[in-house]
Structures are given as structure tokens and as C-alpha cells.
Amino acid sequence: MKQFHLFDLIGPQMIGPSSSHTAGAARLGNVAWRLAEHQVRKAYVTLYGSFATTGAGHGTDRAIAAGLLGYPPEDERLRDSFALAKEQGCEITFQYSDEKRRHPNTAKITVERKDGATIELVGASIGGGSIEIQEINGMEVSFGCDYPTLLIFHYDRPGVIHSVIGVLAEKNINVAFMRVIRSSRHQRACMVIETDTSVESAVAAQIRTANPDIWEVCRL
Amino acid sequence: MKYQFQSGQELLQISNEEGISISEVMLRSEMEHSGRSKEDILEELMDNLQVMKRSIETGLSPENNNRGVFSGGDAIRMLRFAQNSHMGSSMAKTVAAAMAVAEVNASMGKIVAAPTAGASGILPAVLICCGREQQADDCTLCRGLLTAGAVGCIIAQNACIAGASGGCQAETGTAAAMAAAALTELSQGQPHTALHAAAMALKNCMGLICDPVGGLVECPCVKRNAIGAANALLSCDMALAGIESLIPFDEVVCAMGRVGQQMHPDFKETARGGLAATPTGQRLAEQCVYRR
């Protein structure tokens with residue numbers, strides 16, 4: 001059973017009106033921004049369930065837009081994020097779907113990076129500002145971004161995990177949680193590694209080159 | 001772990017044995033579990049307090065033109081009426097402050113969830129407005145936040161604090177209980193007196209449903225923050241007057257949690273019951289879909 005502490009009750013600071021529909025939504029957009037290496041050129045957002053029906057009134061769309069610009073949930077620019085996105089040349093398109101998803105507060109965000117590559121994520125705002133990322137590029141994942149998180153895209157071949165863990169061990173970085181997901185045998189796969197301490201960009205770069213079957217490392 | 005508590009009874013026991021206030025137990029408990037220093041924790045509380053103050057000022061500023069979909073402007077109306085208020089001007093000003101924060105929240109302004117965004121007006125209004133009358137400094141107000149946090153932790157642990165889990169009683173009821181206990185300690189009340197105040201605040205709104213029109217945190221949420229602040233002041237005054245809750249705090253908390261479990265889903269933030277289901281509520285909801 002979850003143990004509650006002082007700042008669960010006195011906080012967080014956030015932009016209203018709703019921790020799930022506004023703060024959580026901003027965090028989902030922010031994860032997409034980080035996946036896009038802090039530079040979103042274009043984004044397509046689909047809102048489902050309660051996000052689609054009451055999202056406009058809760059500012060869910062503006063919160064996701066703010067996240068896509070890199071703003072955290074307590075940033076007061078959130079209210080004006082549409083204008084700011086336009087100013088910064090970030091094109092965001094919203095769609096509303098009545099398709100049923102596992103969680104009522106779900107968003108699918110497809111971001112196009114500066115280099116033209118696209119990444120698609122599906123995530124839900126599960127209450128109190130907490131989020132769960134459920135899919136990345138069609139692969140099922142499950143993490144909350146409560147810890148520093150590494151996403152490693154690679155081919156499903158022997159030795160890849162060993163190479164990654166080798167680098168982390170060498171840098172004395174403790175793995176709190178880890179999951180490996182593959183589309184099918186020997187095909188594209190993804191490692192989600194949550195660590196106790198943050199992973200510097202130089203370490204991420206070292207992981208990227210540690211094995212030829214790794215093609216991308218994202219720090220969240 | 002010497003300072004961890006799960007119930008009001010455990011909290012009082014630690015407070016009695018150590019001869020310390022509820023706020024001091026909460027502070028030591030937080031230091032113990034997080035490993036953070038006292039200064040570090042107090043600094044974060046101070047930062048939250050400043051955001052709380054700003055949210056009241058923003059909501060009561062005539063220059064603030066930000067509005068929610070259905071709300072805005074009522075906090076100022078209440079403040080202007082305070083001189084003529086039947087409940088006394090200081091109570092009216094506190095109520096206006098609670099509505100101000102709730103309106104700021106509804107208009108996508110910055111607030112501190114306490115315990116949630118929907119009930120975020122009650123604790124700052126009670127603590128800051130009544131603290132001002134007692135000439136309390138910011139450090140004393142941070143003590144109030146600690147006392148409020150202790151009561152909130154016990155309720156979250158043994159019942160619930162989200163409208164979706166337990167209705168409005170869980171949100172504004174918890175906020176009122178937190179505020180009532182905080183104000184009691186600020187007014188030199190004993191720890192057991194603070195828990196009587198918290199118990200009475202919860203009792204005063206037991207069974208209150210969460211029925212937001214259109215699913216938005218506006219109607220009736222702004223006015224529920226108003227009554228929540230009044231509830232906190234009344235409960236604190238009753239406790240300071242020596243009135244006790246016949247049912248002990250811990251049992252009131254568990255009762256509230258059970259009522260929340262028994263509550264029909266239509267009354268738990270789904271916008272399918274209560275005011276949300278009225279003809280006017282439904283009409284307003286249709287108007288606000290896909291629009292802001």
C-alpha cells in the first residue's frame with residue numbers, strides 16, 4: 001500500500017484546473033519533447049476518452065502543446081502555449097477520437113524531429129498528475145517517468161543487453177527497473193531502463209556505440 | 001522509524017511522548033523518510049506558501065481577466081461585499097480568498113494542490129487570511145502547512161483524497177480538515193484539539209458528492225471551496241471553544257472512506273449525477289465540448 005508523505009498533500013505546484021487533465025497531459029507532451037531530443041518540428045495529437053470529451057474545457061490540448069515545447073506542468077506559459085508554438089514554428093494538429101482505450105485519459109502523440117524522423121507514443125494520465133507511457137513506436141511499454149529513464153532502440157540479438165549493462169556498471173549507475181520488448185524475434189526491440197541516478201549524455205552516447213545492433217538511445 | 005504515523009492516535013502518541021507539536025512530528029517524519037534536511041524541507045514549504053499567496057492575490061486582483069468556462073469574478077464580488085457580511089468581514093474575506101484560488105485554478109493559473117487542484121483554495125485561504133489577522137510570519141504559516149500535511153497524510157492513508165475515489169467529501173472535506181487542524185495549532189490549540197477540529201470538519205460534509213458540470217473543475221467546485229473554508233473556520237472555533245467530536249478522528253476518517261466506497265459512481269467525478277445531471281448542467285456541458 002502506498003505510503004503518503006508531506007508533499008503528496010502540500011503540492012505539487014501546478015497549472016490548473018486538473019491534475020489528471022492538465023498537469024498529467026503536460027507531462028505526456030513533455031515526454032514526447034524529450035523523445036524528440038528537445039526539438040519538435042511537427043506533432044499530431046489524438047485525444048481519447050475523457051481527454052477528448054472534457055479536454056478542451058480542462059486545457060488538455062494546451063497542456064500537451066506546452067509539454068511539446070518543453071515546459072513543465074507548473075510553467076505559467078502553459079495557458080498561451082498555442083501562440084508560443086506558432087511563434088516557435090512548432091506545428092501541432094489535434095484530433096479527437098471516440099475509440100475506446102484501456103484508460104479514459106489517453107493521448108497518442110506523434111512527433112517529427114528536426115532530422116525528419118518520427119516517433120509515436122501512447123500514454124495515459126492516470127491520476128494526480130502521474131502518467132503511464134504505454135506504447136512507443138507501436139511497441140508496448142509501461143513506465144511512469146518517475147525515474148531517470150533510458151530508452152534504447154535496438155535489434156533483438158544476443159549480447160545487446162550485456163553491452164548496455166556493461167556501460168551502466170562501469171559508470172556505477174544502478175538499474176531500478178528494466179524491461180525489454182521486441183516486435184518479433186531478431187527484429188526491432190526496445191529496452192526501457194529506469195535508473196536511480198541520471199544518465200549523462202556522454203554515457204548515453206557511449207551506450208549508443210557499445211554495440212552495432214543499437215541504433216538509438218533516448219534519455220527521458 | 002521513530003516519527004512515522006498511520007493514524008491520529010499514533011500521531012498524538014508521538015506528540016505526547018516527545019512533547020512536540022503536530023507540525024514538529026510531521027517535520028521529523030518527513031526528514032526521517034526522505035533523508036532531507038530540515039532547512040531543505042522548510043524551503044520547499046516556503047516556496048509553496050509563496051505560490052499560494054500569489055494565487056490569492058491574482059484571483060482577487062481587478063486586473064485579472066482570465067476566466068474559466070463557467071467561472072470567474074465571484075471572488076471579487078464576495079470581497080467587495082465583506083463589510084456587509086452576516087458572517088463577519090474576516091470570515092467573508094477568507095471565503096473570498098478560497099474562491100479566488102479556485103477561480104485561478106479554473107482559468108489555468110498557477111496553484112498548489114492541497115490536497116488536490118479542485119480543493120486548492122481552502123488551505124491557503126484559511127492559513128493566510130487568518131494568519132494575517134494573528135500577525136503570523138511566514139515561518140509560522142509553514143508550520144501550519146506541516147500540521148495540515150499530517151492530517152492529510154492520515155486521511156489519504158486510511159480513506160481517500162480524490163473526488164474520483166470518494167466524492168467531494170474526500171477533496172474539499174480533507175482540505176477543510178487539514179485547514180481546521182492547522183489553524184487550531186496556529187491558535188495555540190493542543191494537538192488533540194486540532195484533531196477534534198479536523199474530525200468535525202470531515203463530519204460536516206460527510207457524503208458530499210462530486211458532481212462537476214461538464215466534468216470541469218468549476219461548478220460547483222468554486223463554491224464548494226467557499227463552504228470548505230467556512231467549514232474549516234467553524235470547526236476550528238468549535239474545537240477551540242472546548243467542543244469535542246463525539247466520534248474520534250480516526251473513526252470519522254474511516255467512515256468517510258467507507259461512504260466514499262459505497263457512493264454510486266455517478267457521484268464520483270463522472271459528471272453523470274447531481275448538478276451535472278440537471279437540465280441546465282447538461283445544456284452547459286454540451287456547449288463546452290471542444291470549446292474553450
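Let's start with chain A, where six strands form an open sheet in the order β3-β2-β4-β5-β6-β7, with mixed pairing. Keep in mind that this is a predicted model.

Which strands stand at the edges? They are β3 (91-96) and β7 (139-143) of chain A. Each has a single partner strand, so one side of each is left without a neighbour in the sheet.

Look at one pair. Strand β2 of chain A, residues 40-47, runs parallel to β3(A), and six bridges join the two. Find A:Thr46; opposite, in β3(A), stands A:Gln95.

Next, the helices on this sheet. Helix α4 of chain A, residues 60-68, packs on the sheet and touches β2, β3 and β4 of chain A. The direction of α4 makes about 150° with that of β2(A). Helix α2 of chain A, residues 19-35, lies across β2, β4 (106-113), β5 (118-127) and β6 (130-136) of chain A. Against β5(A), helix α2 runs at about 155°.

Over to chain B. Here we have a helix pair: α7, residues 138-158, and α9, residues 168-186. How do their axes cross? They come within 8 Å and cross at roughly 135°. Angles over 145 degrees would count as roughly antiparallel, and 65 to 115 as roughly perpendicular. So α7(B) and α9(B) are oblique to each other. The crossing is right-handed.

Who makes the contact? From α7(B), the residues include B:Gly144, B:Ala148 and B:Val151. From α9(B), they include B:Ala177, B:Met178 and B:Ala181. By class, this contact has nine nonpolar, five polar and one charged residues.

Definitions and conventions:
Residues are numbered from 1 along each chain as its sequence is written. Chains are lettered from A and ligands numbered from 1 in the order in which they are written. This is a predicted model: local features need pLDDT of at least 70, side-chain atom pairs count only at pLDDT 80 or more; totals for chains, interfaces and linings use all residues. Side-chain values use heavy atoms; hydrogens and water are left out. Axes are lines fitted to C-alpha atoms, for helices over the stretch in contact, and angles run from 0 to 180 degrees between N-to-C directions. Helices (H or I, at least four residues) and strands (E, at least two) are DSSP runs, numbered from the N terminus. Angles under 35 degrees count as roughly parallel, over 145 as roughly antiparallel, 65 to 115 as roughly perpendicular and the rest as oblique. A crossing is left-handed if the near helix is turned anticlockwise from the far one by less than a right angle, and right-handed if clockwise. Contact means heavy atoms within 4.5 Å. Ala, Val, Leu, Ile, Met, Phe, Trp, Tyr, Cys and Pro count as nonpolar, Asp, Glu, Lys and Arg as charged, and the others, Gly among them, as polar. Two strands pair if DSSP finds at least two bridges between them.
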